[in-house]
Amino acid sequence: MEKYWNPEIECMSREDMKKLQDERLVAQVKHVYDNVKYYRDLMDKKGVKPEDIKDTEDLHKLPFLSKADLRDAYPYGLLAKPLSDCVRIHSTSGTTGKRVVAFYTQNDIDMWDNCVARAITAAGGTKDDVCQIAYGFGLFTGGAGLNGGSHKVGCLTVPMSSGNTDRQITFMQDLGATILCCTPSYAAYIGETVHEMGLTPDDLKLKAGIFGAEPWTEEMRRSIEKSLGLKAYDIYGLTETSGPGVAFECSEQTGMHINEDNFIPEIIDPETGEVLPEGEVGELVFTSITKEAFPLLRYRTRDLCVLSRKKCSCGRTLIKMAKPMGRSDDMMIIRGVNVFPSQIETVLIEQGYSPNYIIEVDRVNNSDTLDISVEMNPEQFSDKVKDMQKQERALADAMKLMIGINPKVHLVSPKSITRSEGKAVRVIDKRKLHD
Ligand code: ADP
Ligand code: ZN
């Protein structure tokens, strides 16, 4: 039986949800226009006044915000409330340049916690659960976000943070953790360590995992589910909109329900900025309609995905987003062909390899090169050079079928690739270093 945290919102009729969004959007645009000079200037430049936004149909008239704007306005330029009303900040991991800082009032934190509580409930979590949080705590939103949601639901919360994997597993066993929350790459690492410690999933009580903060494939999902003996649920979010919990998976697991009462999604053509119809792939854009301190309107996430209003068997009416295929800036253009790391991961796991790999792209004599180092499982290891070359060739052939170009595959010895305890970094694009 499907359980909901906020049934009246999660199963609200389309009309009522639209009415709620319309009202909230109109009020939010006014709040931003009155309090955020940076965005007021953008609106003025575009010739849009708050009165022009009468309902969600007018959303497209508003200017976009991008990461570049957030950097421009750093640190206080997009703040919409006095600092005395703010109770916390969080920050992006800053992998792609200067960190972005987001601010929260107490109401913003409550809204966020409620969104995460919906996710935990959708994964079967109740006050009887023991929820171990192995996302990093600190400026990163993962730890704090899941911690807040877990408290709301009333789970016994174990705020482990990431790392110290042996102790993580010992705690899991001793306390009988039933829900594990962390990045999928860390979940895979924990699963591997469980096995190495001579334990099996039966030695643990885990029933659900809530994994997100980075792209992961269906193949990775199945591999984690097997190694930890749980059902793995996806969760999505970004610091700019609050953190994890913007969208979450239900039991149907065919995409994540977006908490539309707080975030209005749009899909746009990343080149032209034009809004695309439901079902088309494009860049995901969010408008926060309830946030007080850091209310971004039409924020371009750079995440590529698809929206769907198809009826969901869980009973929720919230729109669904597909698993993001990665950020537009994760996409590698190699010899003119678009390649996503997720395509490579799919092939690796399908061929029985571990999700431990490094992708290196470079340019030699004006031609792009693609080298993929893949870790072998101990049973794949052979001391015969010929055997290894055969395996490398077979893997390279399977890759070519998937991505359309021929990579150089290097099988490396077990345990030689560093494991991730947070967001995994798997791509090294040396071409960017040369430029
Ligand atoms: P940073 O941008 O520095 O990584 P964030 O922690 O705010 O900081 O990361 C948010 C981004 O993480 C999203 O825009 C998206 O690209 C990625 N992300 C988060 N959750 C998921 C998920 N479930 N699937 C795929 N990507 C995700
Ligand atoms: Zn559903």
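1. Let's start at the surface: asparagine 366 counts as exposed, because its relative accessibility is 77% (exposed means over 50% relative accessible area, buried under 20%, partly exposed in between, with a 1.4 Å probe and protein chains only). Asparagine 366 lies in the loop between β17 (357–364) and β18 (367–375); helices (H or I, at least four residues) and strands (E, at least two) are DSSP runs, numbered from the N terminus. Its phi is near 65°, a positive value in a residue other than glycine.

2. A word on the basis of this note. This is a predicted model, in which local features need pLDDT of at least 70 and side-chain atom pairs count only at pLDDT 80 or more, while totals for chains, interfaces and linings use all residues. Residues are numbered from 1 along each chain as its sequence is written, chains are lettered from A and ligands numbered from 1 in the order in which they are written, and side-chain values use heavy atoms, with hydrogens and water left out.

3. Another positive phi belongs to lysine 415, near 70° and again in a residue other than glycine. Lysine 415 sits in the loop between β19 (408–412) and β20 (427–429), and is partly exposed, because its relative accessible area is 45%.

4. Do look at the peptide bond between tyrosine 74 and proline 75: it is cis, with omega about -5°. Proline 75 is in the loop between α4 (67–72) and β1 (86–91).

5. Now to the metal. Cys250 (SG), His257 (NE2), Cys312 (SG) and Cys314 (SG) coordinate the zinc ion (ligand 2) at 2.1 to 2.3 Å (donors are N, O and S atoms within 2.8 Å of the metal, or 3.2 Å for Na, K and Ca). The site is tetrahedral, with angles of 102 to 114° among its four donor atoms; four donors count as tetrahedral if all angles lie between 85 and 135 degrees. Cysteine 312 counts as buried because its relative accessibility is 6%, and cysteine 314 counts as buried at 3%.

6. Finally, ligand 1. Of the 21 residues around it, Asp234, Ile235, Thr239, Asp303 and Arg327 come nearest (a residue is near if one of its heavy atoms lies within 4 Å). Strand β7 (residues 231–237) gives the largest share of this shell, four residues. An oxygen atom of ligand 1 is 2.6 Å from an N or O atom in the side chain of threonine 239, and an oxygen atom of ligand 1 is 3.3 Å from an N or O atom in the side chain of lysine 67.

Key: A polar contact is a pair of N or O atoms within 3.5 Å; within protein, one must be able to donate a hydrogen and the other to accept it, and residues adjacent in sequence count only if both atoms are side-chain atoms. Four donors count as tetrahedral if all angles lie between 85 and 135 degrees; four count as square planar and six as octahedral if opposite donors are over 155 degrees apart and all others between 65 and 115; anything else is irregular.
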